[in-house]
Amino acid sequence: MTQSSRDRATAGDGPPASTVSPRDAAAAETLLLGGSLTVEGRLVQASNATLYCSVEHDGISAHCVYKPVAGERPLWDFPDGTLAEREVAAYEVSKEMGWGTVPPTVHRDGPYGPGMVQLWVEPDPDIDLVTLSRSDEDSIRRMAVFDAVVNNADRKIGHLLPPGDGHVYGCDHGVCFSVEYKLRTVLWQWRGKPLTSEALEALTRVSKALRDGSLATRLAELLTPEEVDAARRRVDLMLKHRIHPYPPEDWPAIPWPPL
Ligand SMILES: Nc1ncnc2c1ncn2[C@@H]1O[C@H](COP(=O)(O)OP(=O)(O)O)[C@@H](O)[C@H]1O
Ligand SMILES: [Mg+2]
């Protein structure tokens with residue numbers, strides 16, 4: 001655990017850093033779903049009860065975030081008690097897109113009841129997140145496409161997690177999948193620009209999986225039918241226009257504070 005993450009947690013040095021890679025989705029999901037969860041601290045910057053935990057199963061251990069549904073702060077624009085499921089739905093979309101944007105995330109019971117559990121990704125403290133958020137990096141551009149698909153209403157700079165291997169993960173996807181267009185993000189640098197061919201391929205895959213693949217079934221367990229329909233419409237609109245979306249006109253386009 002580095003100084004930066006220790007600052008964010010209020011307590012505890014747990015087991016050594018993740019022994020399962022966020023790139024190994026199957027192993028990470030098995031650990032997160034079946035492991036015993038120990039709360040080590042609370043993330044002080046979080047707006048919900050966001051707990052820093054260790055998870056252990058069959059000799060494998062890792063750090064993770066646990067957000068119990070009971071600790072969700074009520075919001076005026078999202079139904080109560082649904083943020084954990086939205087986080088898992090965002091992970092399912094990320095898996096289908098194939099870019100590993102969201103660290104492995106599951107829904108399970110825990111010491112404070114059901115909630116979402118997500119593998120901890122330790123960000124490289126030497127990477128400047130403001131610079132990264134304004135960059136032309138492929139991983140950031142992919143995140144912008146992903147955010148448009150899930151309709152992320154809260155992509156802040158502090159939600160970028162670069163472990164230092166060139167990849168960038170994103171966290172905090174509780175306020176996604178609104179039926180209304182609510183994209184609110186710090187990543188507008190590609191607005192109106194043509195989507196890359198890899199983005200069009202990923203969107204085509206998601207569009208298909210939202211119609212007949214397992215993604216439709218999985219999302220139906222986590223979201224309302226209207227929210228799944230809206231996701232399908234957003235993907236199809238992007239495939240039709242083949243550009244990164246523009247900011248909504250009736251909604252603040254940048255989260256505040258942006259960090
Ligand atoms: N999977 C994760 N790996 C590493 N850090 C994380 C992870 N999830 C959250 N964090 C850190 O914890 C902070 C608070 O988590 P966040 O998901 O934003 O909670 P909240 O929903 O309460 O805003 C994030 O800004 C980030 O710094
Ligand atoms: Mg947050």
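On a 1 Å grid laid over the protein atoms alone, a pocket is an open set of points with protein on both sides within 12 Å along at least five of seven lines, a cavity is a set of points where a 1.4 Å probe fits but cannot get out, and lining residues have an atom within 4 Å of a point. Grid points are joined across faces, edges and corners, and a volume is the space filled by probe spheres set on the points. The structure is a predicted model, in which local features need pLDDT of at least 70 and side-chain atom pairs count only at pLDDT 80 or more, whereas totals for chains, interfaces and linings use all residues. Residues are numbered from 1 along each chain as its sequence is written, chains are lettered from A and ligands numbered from 1 in the order in which they are written, and side-chain values use heavy atoms, with hydrogens and water left out.

The largest pocket holds about 1200 Å³ of space. Its lining comprises 47 residues, and those closest to the centre are Gln-45, Gly-158, His-159, Cys-171 and Asp-172. Two or more lining residues come from each of α1 (3-8), β3, α3 (83-97), β5, α4 (129-133) and β6 (160-161), where helices (H or I, at least four residues) and strands (E, at least two) are DSSP runs numbered from the N terminus. Strand β5 gives the largest share of this lining, with three residues. By class, the lining has 28 nonpolar, nine polar and ten charged residues; Ala, Val, Leu, Ile, Met, Phe, Trp, Tyr, Cys and Pro count as nonpolar, Asp, Glu, Lys and Arg as charged, and the others, Gly among them, as polar.

The space taken by ligand 1 is this largest pocket, a molecule being assigned to a pocket or cavity if more than half of its atoms lie within 2 Å of its grid points. Ligand 1 is surrounded by 17 residues, of which Ser-47, Asn-48, Lys-67, Val-121 and Asp-172 are the closest; a residue is near a molecule if one of its heavy atoms lies within 4 Å of it. This shell consists of eight nonpolar, six polar and three charged residues, and β3 (60-68) and β5 (115-119) each contribute at least two of its members. Among the N or O atom pairs within 3.5 Å that define polar contacts, a polar side-chain atom of Asp-172 is 2.7 Å from an oxygen atom of ligand 1, and an N or O atom in the side chain of Gln-118 is 2.9 Å from a nitrogen atom of the ligand. A backbone N or O atom of Gly-158 lies 3.4 Å from an oxygen atom of ligand 1. Taken alone, ligand 1 exposes 540 Å², of which the protein buries 94%, with accessible areas computed by the Shrake-Rupley method with a 1.4 Å probe.

The second largest pocket contains about 340 Å³ of space. It is lined by 14 residues, with Tyr-181, Arg-234, Leu-237, Met-238 and Pro-245 nearest its centre, and helix α8 (residues 225-241) supplies the largest share, six residues.

Two cavities of 30 Å³ or more are found in the whole structure. The largest cavity, of about 80 Å³, has a lining that includes Trp-188, Trp-190, His-244 and Pro-245. The second largest cavity has a volume of about 60 Å³, and residues including Asn-48, Lys-67 and Asp-172 line it. Helix α3 provides the largest share of that lining, three residues, and the classes there are three nonpolar, two polar and four charged.

How values were computed: Polar contact = N/O pair within 3.5 Å; in protein donor to acceptor, adjacent residues only side chain to side chain.
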